Amino acid sequence: QGGNNAGHTVVVDGKEYDFHLFPSGIINQKAISFIGNGVVIHLPGLFEEAEKNEKKGLKDWEKRLIISDRAHIVFDFHQAVDGLQEVQRQAQEGKNIGTTKKGIGPTYSSKAARTGLRICDLLSDFDEFSSRFKNLAQQYKSMFPTLEIDIEGQLKKLKGYAEKIRPMVRDGVYFMYEALHGSPKKILVEGANAALLDIDFGTYPFVTSSNCTVGGVCTGLGVPPQHVGDVYGVVKAYTTRVGIGAFPTEQINEIGDLLQSRGHEWGVTTGRKRRCGWLDLVILKYAHMINGFTALALTKLDILDVLDEIKIGVAYKLGGKRIPYFP
């Protein structure tokens, strides 16, 4: 799920890669990487990312990448609309959500409104695709009168991308079925975004537009629940957040600054400083209630090395009483 709003910095053998749409496993020459149907794909973003990582030594990625034919496409106008909506929110409510302006929300909106276009649409009848693209563009233009869309220019580019990705596209459901039932394989699913950004379970409305909890494995890949084995929760030894939203253990002081600078806490996608604070166990337990972690990968413990004392958030109080849940 998600799109190039997520960012993962991956360091292997001293080389640093920035991934947004690529699964991190793309570095592994022996692994096949698969982008599932739950992901929304901005094609220019995908090729830009490929180019950047090729310069860092990533080779033959197109031989190892498979894309689901059911994944929805993020168009440039979705990204423009994302920016316009943020400006509107700021004007109307005095605050915005702090989106990455990558068009993720508008694309999932199109998907839910059943006006979205998928990879399979792009690769089949291009005339049919073009007319649906034009209709969608017109809808957005009527909602946002200042929006400018170069329809013909974008269609021309999309046609070029279609031919570039055609060899990589497969029926994702059948691909996963074969992976699960064919010769034994190790299958690792990588999630994008954090549990507290989940559209259902996160700190709504300061969330992303998809399910970044474990259920996304079933809906975003077409994998039946009984095939989900181990669930690894990835958690830092302190808490961070990019953008706006509730953050009870946040340290707006020298501790927060220390965590931010020592931990290199910048949003990979936005370049924004991450807000930092003590580890919040209430959030961690809540994430565990939803995901059922079989193990935790605790990262960045060494960032706390210079502190004499470490604090941890252990409970929330509501009206003076401790509560056992995340409100």
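1. Where is the place of histidine 264? Histidine 264 sits in the loop between helix H10 (254-262) and S10; helices (H or I, at least four residues) and strands (E, at least two) are DSSP runs, numbered from the N terminus. Its phi is near 50°, a positive value in a residue other than glycine. At 61% relative accessibility, histidine 264 counts as exposed (exposed is over 50% relative accessible area, buried under 20%, partly exposed in between; 1.4 Å probe, protein chains only).

2. A word on the basis: this is a predicted model, where local features need pLDDT of at least 70, side-chain atom pairs count only at pLDDT 80 or more, and totals for chains, interfaces and linings use all residues. Residues are numbered from 1 along each chain as its sequence is written, and side-chain values use heavy atoms, with hydrogens and water left out.

3. Aspartate 60 also deserves a look: its phi is positive, about 50°, although it is not a glycine. Aspartate 60 lies in the loop between helix H1 (43-55) and helix H2 (61-64), and is partly exposed at 37% relative accessible area.

4. Please check the peptide bond joining tyrosine 204 and proline 205, which is cis with omega about 5°. Proline 205 belongs to the loop between helix H8 (172-181) and helix H9 (215-221).

5. Now to helix H11 (residues 281-291), whose buried residues include Val282, Leu284 and Tyr286. Just after H11, glycine 292 has a positive phi of about 60°.
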